[in-house]
Amino acid sequence: MSHLTTPAGPARAPTGAAPLGLGVPGFAHPLLAPAEWAGLLRCGPGLVHWAVLDVSNGPGARPDPHCGPAAVRLRETGVRVLGHLDLGRGTRPFGELLADAHRYLEWYRVDGFWLDRTPTDRPLLPATRRIAAALRGLCPDGHLVFGHGSHPHPGYAESADQLVTFAGRWADYRWSQVAEWTADHPPERFCHLVHSVPRTHLDEALRIARWQGAGTVYLTDRRAGAADAVGRAWESLPGYWDEFVSRIGPGVSE
């Protein structure tokens with residue numbers, strides 16, 4: 001069972017009653033994954049917190065005629081559409097990131113940004129804060145999700161609406177530990193993304209997410225393949241999509 005990294009002090013109260021929602025880190029292009037994009041439209045109101053629009057590891061070189069309509073349809077159901085910005089663990093130039101952000105806003109009217117591969121260490125915190133401040137200047141009401149994939153320095157929580165503090169395999173998640181500092185924040189500040197989850201372990205995975213204080217989750221039985229290709233696990237629907245959705249919300253409509 002997962003637990004806090006520091007056993008001393010008051011124990012985290014179980015959060016089984018807290019509502020969970022879906023965060024979709026990046027389906028494949030709408031032409032390649034029409035069932036995936038349609039599946040989001042069938043979810044109950046408020047169940048999908050956000051979905052990432054990744055045209056071509058970013059907004060692409062020109063407006064995509066298929067991604068625009070897909071984003072509009074999602075937004076009409078109340079789902080936030082986030083533009084995909086790859087920070088490269090702090091290696092992407094500031095100007096390139098802002099240029100991509102401008103394209104997302106102009107071409108797809110996104111509701112915020114998913115900052116993929118956000119750094120986790122303290123030395124890169126000032127640079128990440130600068131990027132976040134610039135994005136909020138471009139999109140004042142935008143939702144910012146930092147895609148760390150593991151627990152970052154707690155200072156990152158000051159600049160994002162949500163932190164992805166786990167992104168990886170079920171084999172690692174089921175024995176994972178949650179940083180003690182996260183207990184000072186509400187569940188809606190954290191997201192967990194877990195691939196390779198067998199159908200028989202859905203309930204266990206959801207219990208871990210609630211216990212560790214995550215308000216947004218995405219679980220799939222798809223596998224990532226190579227260690228540097230985790231994103232491929234999110235490109236298609238899990239085989240148990242309807243069952244997964246029904247266990248955290250009102251389910252899907254026919």
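Reader: Is Asp 203 buried, partly exposed or exposed?
Author: Keep in mind that this is a predicted model. Buried would need a relative accessible area under 20%, and exposed one over 50%. Asp 203 has 39%, so it counts as partly exposed.

Reader: Which residue does the side chain of Asp 203 meet in a salt bridge?
Author: Side chains of opposite charge can pair when their charged atoms come close. For Asp 203 the N to O distance in the salt bridge is 2.5 Å, and the partner is Arg 247.

Reader: How many residues apart in sequence are the parts that this pair, Asp 203 and Arg 247, ties together?
Author: Look at where the two sit: Asp 203 is in helix H6, while Arg 247 is in helix H7. The pair therefore ties together parts of the chain whose separation in sequence is 44 residues.

Reader: Which residue forms a salt bridge with Glu 243?
Author: The closest N and O atoms of this pair are 2.6 Å apart, and the partner of Glu 243 is Arg 199. The pair links distant parts of the chain, with Glu 243 in helix H7 (residues 241-248). At the other end, in the loop between S9 and helix H6 (202-211), is Arg 199.

Reader: Asp 100 or Arg 92: which one counts as buried?
Author: The cut-off for buried is under 20% relative accessible area. Arg 92 comes out at 21%, so it is partly exposed. At 12%, the buried one is Asp 100.

Reader: Where does His 192 lie, and is it buried or exposed?
Author: His 192 is part of strand S9, which covers residues 190-195. Its relative accessibility is 2%, and under 20% means buried. So the label for His 192 is buried.

Reader: With which side chain does the side chain of His 192 make a polar contact?
Author: Leaving out residues up to four places away in sequence, His 192 touches several others, including Phe 166, Ala 209, Gln 212 and Tyr 218. Tyr 173 is also one of the residues it touches. The polar contact, at 2.7 Å, is with the side chain of Tyr 173.

Technical notes. Residues are numbered from 1 along each chain as its sequence is written. This is a predicted model: local features need pLDDT of at least 70, side-chain atom pairs count only at pLDDT 80 or more; totals for chains, interfaces and linings use all residues. Side-chain values use heavy atoms; hydrogens and water are left out. Helices (H or I, at least four residues) and strands (E, at least two) are DSSP runs, numbered from the N terminus. Buried means under 20% relative accessible area, exposed over 50%, partly exposed in between (1.4 Å probe, protein chains only). A polar contact is a pair of N or O atoms within 3.5 Å; within protein, one must be able to donate a hydrogen and the other to accept it, and residues adjacent in sequence count only if both atoms are side-chain atoms. Contact means heavy atoms within 4.5 Å. A salt bridge is a side-chain nitrogen of Lys or Arg within 4 Å of a carboxyl oxygen of Asp or Glu.
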